[in-house]
Amino acid sequence: MAPAVPRSGDAIFANVERVNAELFTLTYGAIVRQLLTDLEEVEEVNKQLDQMGYNIGIRLIDEFLAKSNVTRCVDFRETAEVIAKVGFKMFLGVTASVTNWDTEGTCCSLILDDNPLVDFVELPDTCQGLYYCNILSGVVRGALEMVSMKTEVTWVRDMLRGDDAFELQVKLLKQVPEEYPYKDDE
Amino acid sequence: MAAIYSLYIINKSGGLIFYKDYGLQGRMDTNDSLRLASLWHSMHAISQQLSPIPGCAGIELLEADTFDLHCFQSLTGTKFFVVSEPGTQNMENLLKHIYELYTDYVLKNPFYEMEMPIRCELFDINLAQAIQKDRVSYLGR
């Protein structure tokens, strides 16, 4: 049987059910506002957003794999490209570019062309430490963990904080392949 | 006469999270089905070690005289396998379709706990439809 060809981000995005962009932006804004009210501490909110993203990511990865037909990535470079071109496109409708590779090929930056979460948003002075889009870092971290990669995902540049772009740094800490269940008796 | 005898879904640790029987024998005892699932999980893992070529993805097809066993493992470690009549065609596509149903009706259910047994009615309904469609196309050949 011929192997299934990986589908492009655009093709999948055209086929999945989509939601009104404003509803999405407003819903996310409501979540962040409620977290700020409930938790009060900006650091706590950052952590909660990351945790929520993580819980989404661990479930989202299977849908991504099922709908996009990607095969196992050869190296972390390919993984980053797939996340930027297929993953982001499929779920957010925007692509990202991959830059700033370190020498070992374990750390890179994803720069988002566009960010639907932050339409209409301005951070007030009281929330300057807030990473508004921290849910995205959790999503990437959770998704990669389910395919045996432990990563650290942080925001390097955030336009809501005055920078000129949205830059997400993804650092591969280690590959943890499934343990062989039957070790020789020691 | 069903082409598919039964469907199993195993989580990444080898625990059975879903079992559905379509054959005429009647449903297997729960303990037996759990044991069978763990056995298959172990055999699948061992086959990857036995392979002379590195990077083996495990057993995809087991052919016996009275049945075939088709197995699909996602990159996240969840295994979907179906026991069918010997020579049944198109099982890989069916398994891929079931994988998609799993991602939609199980994983997107916020009350479903990861790695736990699947008790999602929507999944059951859509799965029944998928199996029925496959059966109809099988009979049509």
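Chain A has 186 residues, and a compact globule of that length would have a radius of gyration near 16 Å; chain A comes out at 18 Å, which agrees. That radius is taken over C-alpha atoms, and the globule rule is 2.2 Å times the number of residues to the power 0.38. Keep in mind that this is a predicted model, where local features need pLDDT of at least 70 and side-chain atom pairs count only at pLDDT 80 or more, while totals for chains, interfaces and linings use all residues. As for bookkeeping, residues are numbered from 1 along each chain as its sequence is written, chains are lettered from A and ligands numbered from 1 in the order in which they are written, and side-chain values use heavy atoms, with hydrogens and water left out.

Let's stay with chain A. Its C-alpha trace spans about 55 × 45 × 30 Å along the principal axes. You'll find 5 helices and 4 strands in it, and reading from the N terminus they go α-α-α-α-β-β-α-β-β. Helices (H or I, at least four residues) and strands (E, at least two) are DSSP runs, numbered from the N terminus.

How does the chain pack? Of the contacts in chain A between residues at least 6 apart in sequence, 59% link residues at least 24 apart; a contact means heavy atoms within 4.5 Å. Buried residues account for 46% of the 186, where buried means under 20% relative accessible area, exposed over 50% and partly exposed in between (1.4 Å probe, protein chains only).

Now for some single residues. Glu40(A) isn't a glycine, yet it has a positive phi of about 65°. Glu40(A) sits in the loop between helix 2 (21–39) and helix 3 (42–68) of chain A, and at 67% relative accessibility it counts as exposed.

Over in chain B, Asn90(B) is another non-glycine with a positive phi, about 70°. Look for Asn90(B) in the loop between strand 5 (79–84) and helix 2 (91–106); its relative accessible area of 32% makes it partly exposed.
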